[in-house]
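Here is a short briefing for a first look at this structure. Start with the view below, then read the points by topic.

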Amino acid sequence: SRFPPLLIPHSPSEVRAGSCGEFYARASRGNLDLLPRGSSRRTRLLRGALSCLGVRGSRLEPQQLGSLGALVCDLEPGTIPASDPAILDNLKLCPALTGAQQDALNALLLSGHTAHGDPSSWDSQTLRDLGPLVLALNHSTLGSVAEAAREDFRRSIVAAYSSQGHSQREKSLLLLRALAAASASPHRRLKRSQDRCHSKPINATTIADTVPFLSPEQLNLCLSSDFLIKNLEAVLAQPITSKAARVLKKKVDEFFPSGIPEEQLRRLGLLSRLYTEQEISQWAVTSSATLSALLSPSGGRWDDSQVQQLLSRYLALGGSLTGPLLREIGGKRLCNLQEEQIQQIPAEAMGTAGQLDISLCSQTKKDQLYGKAQEAFASLASSPGPYYCRIQPYLGGAPAEDLKKLANSGGAINMDLDTFLALNPKELQKLSVADVRNLLGVNVADLKEAEREPAVQSWLQSQPQREPGCVLPIGPQGGQPGPGGTASPAGATAPASATPVVTVTSPVPGTPASVTPMSTTPASVTPVVTVTSPMSTTPTSVTPVVTVTSPMSTTPTSATPVVTVTSPVPGTPASVTP
């Protein structure tokens with residue numbers, strides 16, 4: 001509890017000897033992969049831990065292993081067989097073992113000097129107890145396990161396969177292949193003919209016991225196309241390698257030489273991802289149900305180019321994109337459509353599509369999608385809050401006129417900064433300071449964080465001087481001059497009191513200066529006068545009191561202008577020119 005939550009960035013030199021054990025024990029339970037394997041910081045961390053725990057040789061005792069945790073993953077392979085067998089629990093924490101570490105692990109297990117005993121005595125529960133280490137078992141170790149134990153373990157993997165995620169399925173496939181290799185006799189493999197099936201008959205009840213364990217060649221020989229089509233879902237539910245999947249695709253194509261019927265396209269699942277864009281362009285995708293089935297994430301990941309071709313084919317055959325379909329397609333892929341295709345999207349579909357991320361769309365496509373969304377949510381326009389919630393994802397295509405209406409609708413918009421920065425920059429320039437303040441609402445303070453964003457800088461330049469800084473909590477000022485003023489660059493900080501510049505030209509010192517003010521506003525002015533003489537390079541600062549009276553107003557204003565007096569000849573009176 002004496003250490004901060006973020007332990008890894010701390011230097012081992014900062015850890016006191018008296019508390020180093022607690023420090024490294026906690027550090028070992030963190031996500032060490034935040035530091036690249038082999039990096040100097042990660043290496044220092046391991047060295048510091050070994051030094052703290054008094055490790056001198058290759059052997060690690062149980063107490064030391066308990067403190068090292070996942071730090072063991074970076075130790076040399078020789079440490080594994082030399083240490084207490086409890087090191088197996090540490091190795092289970094490793095995301096991956098090097099080849100040399102795997103060899104050392106198998107040597108330790110084959111020695112029988114672990115809590116699991118000799119591999120010949122293992123059962124399926126022992127294999128499950130090894131957890132992730134079972135993936136590191138080589139052919140020799142697995143081959144030493146009784147066949148009955150391997151078979152029971154294999155069946156448990158197949159049974160759990162359908163409920164696993166993608167990454168776990170990949171690991172299951174690796175295990176199944178390793179188990180199959182361990183079960184196969186090299187002598188029998190050499191004698192077997194490669195042109196006939198050696199599997200027991202494949203039927204509806206034996207799919208799980210046969211299909212996952214057949215090589216691609218045997219799968220091709222043992223599985224008929226007719227049986228595959230009738231039981232496609234059941235076959236695809238099994239652990240299928242990529243090579244085996246291509247065998248299945250070939251059988252489907254052979255069964256439908258004139259093209260796959262639409263009702264069969266819906267059943268393709270993961271096989272659909274194996275088809276090229278050219279092949280997809282021939283599919284009969286006419287219904288939204290077919291398109292939805294093909295887009296289902298359960299079949300795996302599509303390439304963007306495949307989805308583009310699939311959507312183009314669907315639209316070319318007269319299909320219409322509904323709200324649910326737009327959700328399945330997603331905003332990113334929606335942006336890949338042609339402008340003509342986006343134009344075909346019904347406005348009502350946008351109303352049921354949910355929030356689509358169209359940030360990657362071109363400005364033209366953003367404009368198109370905004371127009372459709374505006375039409376879809378027109379009935380909510382009189383309720384600013386609900387309307388903004390629905391239209392918000394599409395405001396990147398909104399014209400300034402609509403943004404002004406939204407800003408002055410009287411409702412609490414409270415636009416977040418990300419949405420504000422995603423507005424069309426050209427349209428943003430047309431918004432006033434009051435518009436921006438009303439749009440951002442309670443989030444107006446966040447604008448300070450974005451004052452250097454190009455869109456914000458451009459907008460500031462388009463505003464009258466001083467106005468943004470007076471109304472919004474930002475430092476930069478506007479770039480457009482006010483009445484009688486001169487533009488100043490955005491980012492300049494203006495003082496609170498007005499400071500006009502008055503130029504005084506004094507040919508002869510001693511002559512009273514006449515002052516013509518810059519502004520039509522009357523003022524009582526106390527200027528700072530800088531006198532520059534060609535006879536001297538050092539300017540002289542003079543502070544006369546100059547009273548400027550304007551007939552335009554009866555109310556004088558106090559200000560402090562800067563007056564520059566240029567005197568070509570000493571002794572000549574100066575004339576003051578504003």
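T210 is buried, with a relative accessible area of 3%. Buried means under 20% relative accessible area, exposed over 50%, and partly exposed in between, using a 1.4 Å probe and protein chains only. The model is predicted: local features need pLDDT of at least 70, side-chain atom pairs count only at pLDDT 80 or more, and totals for chains, interfaces and linings use all residues. Residues are numbered from 1 along each chain as its sequence is written, and side-chain values use heavy atoms, with hydrogens and water left out.

**The chain as a whole**

- The protein chain has 31 helices and 8 strands. Both are DSSP runs numbered from the N terminus: helices are H or I with at least four residues, strands are E with at least two.
- Of the 578 residues in the protein chain, 41% are buried.
- Take the contacts between residues at least 6 apart in sequence: 63% of them join residues at least 24 apart. Contact means heavy atoms within 4.5 Å.

- T210 lies in helix α12, residues 207-210.
- Not counting residues up to four places away in sequence, T210 touches S199, K200, P201 and I202.
- C222 is 12 residues from T210 in sequence, and their C-alpha atoms are 9.5 Å apart.
- L223 sits in the loop between α13 (216-222) and α14 (225-230).
- L223 is buried too, with a relative accessible area of 2%.
- Leaving aside neighbours within four places in sequence, L223 is in contact with I202, L228, L248 and K251.
- L223 and I207 are 16 residues apart in sequence, and 9.9 Å separates their C-alpha atoms.

**Nonpolar cores**

- The largest nonpolar core has 85 residues. Such a core is a set of buried Ala, Val, Leu, Ile, Met, Phe, Trp, Tyr and Cys residues joined through side-chain atoms within 4.5 Å.
- Which members of this core touch the most others? They are W283, L321, L395 and F420.
- A second, separate core holds 45 residues, including L60, L68, L105 and A136.
- Leaving aside neighbours within four places in sequence, L395 is in contact with Y370, Y388, L403, L406, M415, T419 and L423.

**Helices α9 and α10**

- Helix α9 (residues 147-161) and helix α10 (residues 166-183) have axes that come within 10 Å and cross at roughly 155°. Axes are lines fitted to C-alpha atoms, for helices over the stretch in contact, and angles run from 0 to 180 degrees between N-to-C directions.
- That angle makes α9 roughly antiparallel to α10. Angles under 35 degrees count as roughly parallel, over 145 as roughly antiparallel, 65 to 115 as roughly perpendicular, and the rest as oblique.
- The crossing of α9 and α10 is left-handed. This means that the near helix is turned anticlockwise from the far one by less than a right angle; clockwise would be right-handed.
- On the α9 side, the contact uses R150, F153, R154, I157, V158 and Y161. They meet R169, S172, L173, L175, L176, L179, A182 and S183 in α10.
- The residues of this contact divide into 9 nonpolar, 2 polar and 3 charged. Ala, Val, Leu, Ile, Met, Phe, Trp, Tyr, Cys and Pro count as nonpolar, Asp, Glu, Lys and Arg as charged, and the others, Gly among them, as polar.

**Helices α20 and α21**

- Helix α20 (residues 304-316) and helix α21 (residues 323-334) pack at an angle of about 130°, with their axes 12 Å apart.
- The two helices are therefore oblique to each other.
- The crossing of α20 and α21 is left-handed.
- D304, V307, L311 and Y314 in α20 meet L325, I329, K332 and R333 in α21.
- This contact of α20 with α21 has 5 nonpolar, no polar and 3 charged residues.

**Other sites to look at**

- T79 is found in helix α4, residues 79-82. At 8% relative accessibility, T79 counts as buried.
- Not counting residues up to four places away in sequence, T79 touches S58, L60 and I87.
- A115 and A86 are 29 residues apart along the chain, and their C-alpha atoms are separated by 8.3 Å.
- N414 is not a glycine, yet has a positive phi of about 50°. N414 is found in the loop between α26 (400-407) and α27 (417-421).
- N414 is partly exposed, with a relative accessible area of 29%.
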